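Subject: Structure handover

Hello,

Here is the structure for you to look through. My notes on it follow below.

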Amino acid sequence: MTNDGISASDRAELATLLAAYAAEDENNDLQFDDPGGDAVNLARRLIELGWTELDMTEATMEWDRDLQSEWLNEAADAGVINMDLGDETITYSFLLTWNPKRWVIGDDEYADNVQAAANGGFAGNWSVRVRRSGIEPGDIAYLFRQDSERGIVASGVFTSGIYEGASFDDFKGNAFYADVNWTSWLPIDDRLPEEILETEVSGVTWKRLQGSGIAVNDESVDA
């Protein structure tokens with residue numbers, strides 16, 4: 001993962017906490033009985049940073065979606081974080097990109113998408129070019145328009161994991177996709193513009209997005 005919405009300083013702090021816990025507990029037991037311990041500190045910082053997905057390995061621990069979910073549920077049960085997760089599934093958010101010069105959506109089709117989303121949503125799919133795993137049904141998709149009139153123009157919910165299919169453009173070979181139920185598709189003039197995203201959503205290089213499938217902290221992103 002090249003960009004997950006966490007600042008470099010926060011990521012370094014989490015890496016230090018994760019390494020300290022892994023070194024302390026080689027069996028990776030979920031121990032939250034020490035209120036000042038590494039496990040509690042790590043869980044609390046994860047909550048403060050919005051449960052952002054981490055793809056990293058420190059010491060003896062590999063941190064992934066399943067382990068993070070297990071940790072947060074256990075921490076909630078132990079009462080060290082103020083969050084009752086119950087059986088709730090943790091979801092993550094990802095940026096998908098659209099370059100209208102490479103994938104043309106005509107005015108009529110675009111207007112149909114706006115109407116279909118307003119009427120309850122519609123099914124589609126999109127390329128996740130830089131990602132091969134990590135997206136699950138229920139995760140959130142945000143569509144960012146590149147080139148001119150840049151900004152987020154649509155959002156929805158992923159209804160599949162990532163799968164391989166024929167390339168949508170002139171690139172040779174196959175591409176990778178995920179299915180999306182689009183529940184919001186905005187007129188271009190109503191987009192969430194890049195200028196606001198740059199000031200409100202940190203950790204994303206909005207002017208130099210490298211492709212679809214970038215994880216993002218979605219607290220300030222609302223299409």
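Helices (H or I, at least four residues) and strands (E, at least two) are DSSP runs, numbered from the N terminus. The model is a predicted one, in which local features need pLDDT of at least 70 and side-chain atom pairs count only at pLDDT 80 or more, while totals for chains, interfaces and linings use all residues. Residues are numbered from 1 along each chain as its sequence is written, and side-chain values use heavy atoms, with hydrogens and water left out.

Overall picture

The protein chain has five helices and 10 strands. Of its 223 residues, 48% are buried, where buried means under 20% relative accessible area, exposed over 50%, and partly exposed in between (1.4 Å probe, protein chains only). A contact means heavy atoms within 4.5 Å. Among the contacts with a separation of 6 or more, 69% are between residues 24 or more positions apart.

The largest pocket

Rolling a probe the size of a water molecule over the atoms shows where empty space is left. The search ran on a 1 Å grid over the protein atoms alone: a cavity is a set of points where a 1.4 Å probe fits but cannot get out, and a pocket is an open set with protein on both sides within 12 Å along at least five of seven lines. Lining residues have an atom within 4 Å of a point. Grid points are joined across faces, edges and corners, and a volume is the space filled by probe spheres set on the points.

The largest pocket holds about 510 Å³ of space. It is lined by 25 residues, and T97, W103, W126, S127 and F168 are the closest to its centre. Which elements each supply at least two residues of the lining? They are β3 (93-98), α4 (107-118), β4 (122-127) and β8 (174-185). The largest share, five residues, comes from β4. By class, the lining has 12 nonpolar, 10 polar and three charged residues. Here Ala, Val, Leu, Ile, Met, Phe, Trp, Tyr, Cys and Pro count as nonpolar, Asp, Glu, Lys and Arg as charged, and the others, Gly among them, as polar.

Strands that pair with β8

Two strands pair if DSSP finds at least two bridges between them. β4 and β8 are antiparallel and pair over six bridges; S127 stands opposite Y177 in β8. β6 also pairs with β8 in the antiparallel sense, over five bridges. Strand β7 (residues 163-166) runs antiparallel to β8 and is joined to it by four bridges, with A175 in β8 as the bridge partner of G165.

A154 lies in strand β6, and its bridge partner in β8 is W185. A154 has 0% relative accessibility, so it counts as buried. Between A154 and I188 there are 34 residues in sequence and 9.7 Å in space, C-alpha to C-alpha.

Salt bridges

Side chains of opposite charge can pair when their charged atoms come close. A salt bridge is a side-chain nitrogen of Lys or Arg within 4 Å of a carboxyl oxygen of Asp or Glu. How many does the structure hold? There are five salt bridges.

E194 forms one with K207, and the closest N and O atoms are 3.2 Å apart. This pair links distant parts of the chain: E194 is in helix α5 (residues 194-200) and K207 in the loop between α5 and β10 (214-216), 13 residues apart. E194 is buried, at 5% relative accessible area, whereas K207 is exposed, at 53%. K207 also meets E198 in a salt bridge (3.9 Å, N to O). E198 is partly exposed, with 37% relative accessibility. R150, E194, E198 and K207 are linked in a network of salt bridges.

Another salt bridge joins E149 and R145, with 3.4 Å between the closest N and O atoms. Is each partner buried or exposed, or in between? E149 is partly exposed, with a relative accessible area of 37%, and R145 is buried, with 10%.

Q146 is in the loop between β5 (140-145) and β6 (151-158). With 15% relative accessibility, Q146 counts as buried. Leaving out residues up to four places away in sequence, Q146 touches T97, W98, N99, P100 and L209.

Regards
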